[in-house]
Amino acid sequence: EDADRIMYVTTRDLQACLQAAGEQEEYDTCMAKFTRSGPYRLGRELLVAHLQKKLKKQNLTEEERHAISNTAVLEYNRCAQNEYFRRYDEHIKTAYNNRRTGRKIDLMNVADQFDGNAVIQACLFSSMNEGAELALGTVVERTVTGTIQDAQTRSKIASEIKEQYKNCVKGHGYYRETQGYREYDYTALKHLSTKDFETQITHCIDEVTVTAGRRVIDANLRENSSLVEATRSNPAQLDAVIRTVMEKGLESCLATQASPRPTECLPLVEVVGAKEVIGLSLRATVTKGLEGNMPEAQRILGLVGLGESQEVQFNMNQCFDDRIAHLNGRLERGESLLDSNSASMDCIKQSILVVAPAIGLAKYNSSIAGMTVPAGVNLTSPEMRTRVQTQVRSCFERSLSSIPSMNELSTSLEQITANCTLSLYQELVPSIVQDVLRIKVAANFTDEYEKRRVLNALDGRFRQQVMAQTDPAAIIALIDSFTLEATFYVL
């Protein structure tokens, strides 16, 4: 279908000319005109068809594809005007001048002595490079805009990648630039084979594609708030994480590809990155949450396999390693990688649901340490410990269930932790105080109705005070002050 269309567009003016011709000389003129313009027309149509086919495979808008095609055709027309038509006409003129006889000149034979096809090929090469450069720049701009937050970093990476492509092409001798003006070496391009051109351009594109993948992943990791926070006191850790993600994620995937396609490696990159980031993040969160109690922090980290422990409840590293092994297996079999977000999220959520209740219990134990309570109230009973952990886990389960991605989880985890801690104390402390109040009321009232009335009044008053607080420590502090207030109320 494309071949028929190209042939029709290339020869339609010739067909019209031949149909209108009446004498042999007119036929010869038609053929002479076509001999001059035919290679140009064919080259232009081949260029447009080639670009349309290639650009359809890219994630580009219709407007972007149109701009790329226009840029390529503009260079093709410029080259054809200066290198083909001008030289063709000079060649014909010279041939006329060299004829000293009066016999008829065969314009077609004269034209055969001018290597127009090689010139058109050079024009195709220069125009395809212009199109490739603009397409690459457009894709790079879109990629960095969609993945990197900092505008200055985006601009720097995009500029460096585009400059790398230019330097690669210039290194093959296609053109030189002087004061911003690009001058193609059409003589060199005329002698370049199609195979060599495709090999060289592909090499340049592959080279910058890999660089773009590396730079974008590096920038994303450096902008990851959880990773930045977890490595703030030890910047070398950040560099170590980036190296691990590059080696075990990107590079190992690229090594299995005939031509580099970094975007297809993202599922593996994301899993390796998630393992490294969440590991450091959990260590930082637990250590910070239990500051001053390192033995307990190490014990809790051991529950998810991040420390030495005999009571591992969920091995986070093994969960990620299993997923990584699965993806590497697909690569070895030549299969495409599927989105890994749900599997990684499962590893992360399961780890959090082990760590969070343990931290909640440790904080609870710390907050009640040394607290004086009436006889009959046991704040450290197995039932109370279970209640604390169950309540924390339920709160995290509800909160995590609505988070679909690792990026959102990374930015939301601190707030979820704060909300669930506050919720624990808002629900747990009133029940503790209620047990204390029940003992006080029972000691001062014999009438059951009065007991319930006073207990309900005190309970309502205390819950109102608790709900007005947004700091767990302030809620704990209310216990002593309200117990004294309740004593006076009962008396």
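Q: To begin with the fold, how many helices and strands does the protein have?
A: The secondary structure of this predicted model comprises 18 helices and two strands.

Q: And what percentage of the residues count as buried?
A: The protein has 491 residues, and 43% of them count as buried.

Q: What share of the contacts with a separation of 6 or more comes from residues 24 or more positions apart?
A: Residues 24 or more positions apart account for 70% of those contacts.

Q: Changing topic, how much space lies in the second largest pocket?
A: The second largest pocket holds about 1000 Å³ of space.

Q: How many residues line the second largest pocket, and which lie nearest its centre?
A: The lining consists of 35 residues. Nearest the centre are Ser 281, Ala 284, Thr 285, Lys 288 and Glu 414.

Q: Which helices each supply at least two residues of that lining?
A: Five entries belong here: helix H9 (225-230), helix H11 (266-289), helix H14 (341-368), helix H15 (382-401) and helix H16 (406-444).

Q: Which one gives the largest share?
A: H16 does, with ten residues of the lining of the second largest pocket.

Q: How do the lining residues divide into nonpolar, polar and charged?
A: The lining of the second largest pocket has 16 nonpolar, 13 polar and six charged residues.

Q: On to the cysteines: how many disulfides does the count come to?
A: The count comes to five disulfides. A disulfide is a covalent bond between the sulfur atoms of two cysteines.

Q: Take Cys 168. Which cysteine does a disulfide join to Cys 168?
A: Cys 168 is joined to Cys 204, with an S to S distance of 2.1 Å. The link of Cys 168 and Cys 204 is left-handed, at -80° about the S-S bond. This pair links distant parts of the chain, 36 residues apart: Cys 168 belongs to helix H6 (residues 151-171) and Cys 204 to helix H8 (residues 194-223).

Q: Why does Cys 168 count as buried?
A: Cys 168 counts as buried because its relative accessibility is 9%, and the limit for buried is under 20%. Cys 204 also counts as buried, at 0% relative accessibility.

Q: What does Cys 253 pair with in a disulfide?
A: Cys 253 is joined to Cys 265, S to S 2.2 Å. The torsion about their S-S bond is about -80°, so this disulfide is left-handed. Cys 253 sits in helix H10 (residues 235-254), while Cys 265 is in the loop between H10 and H11, so the bond ties together parts twelve residues apart in sequence.

Q: Is Cys 265 buried or exposed?
A: Cys 265 counts as buried, with 0% relative accessibility. Cys 253 likewise counts as buried, at 0% relative accessibility.

Q: And what distance separates the sulfur atoms of Cys 319 and Cys 347?
A: The sulfur atoms of Cys 319 and Cys 347 are 2.0 Å apart, and the two residues form a disulfide. Their link is left-handed, with -80° about the S-S bond. Cys 319 lies in helix H13 (residues 316-332) and Cys 347 in helix H14, so this pair ties together parts 28 residues apart in sequence.

Q: Lastly, is Cys 347 buried or exposed?
A: Cys 347 is buried, with a relative accessible area of 2%.

Note on methods
Residues are numbered from 1 along each chain as its sequence is written. This is a predicted model: local features need pLDDT of at least 70, side-chain atom pairs count only at pLDDT 80 or more; totals for chains, interfaces and linings use all residues. Side-chain values use heavy atoms; hydrogens and water are left out. Helices (H or I, at least four residues) and strands (E, at least two) are DSSP runs, numbered from the N terminus. Buried means under 20% relative accessible area, exposed over 50%, partly exposed in between (1.4 Å probe, protein chains only). Contact means heavy atoms within 4.5 Å. On a 1 Å grid over the protein atoms alone, a cavity is a set of points where a 1.4 Å probe fits but cannot get out, and a pocket is an open set with protein on both sides within 12 Å along at least five of seven lines; lining residues have an atom within 4 Å of a point. Grid points are joined across faces, edges and corners, and a volume is the space filled by probe spheres set on the points. Ala, Val, Leu, Ile, Met, Phe, Trp, Tyr, Cys and Pro count as nonpolar, Asp, Glu, Lys and Arg as charged, and the others, Gly among them, as polar. A disulfide is a pair of cysteine sulfur atoms within 2.5 Å.
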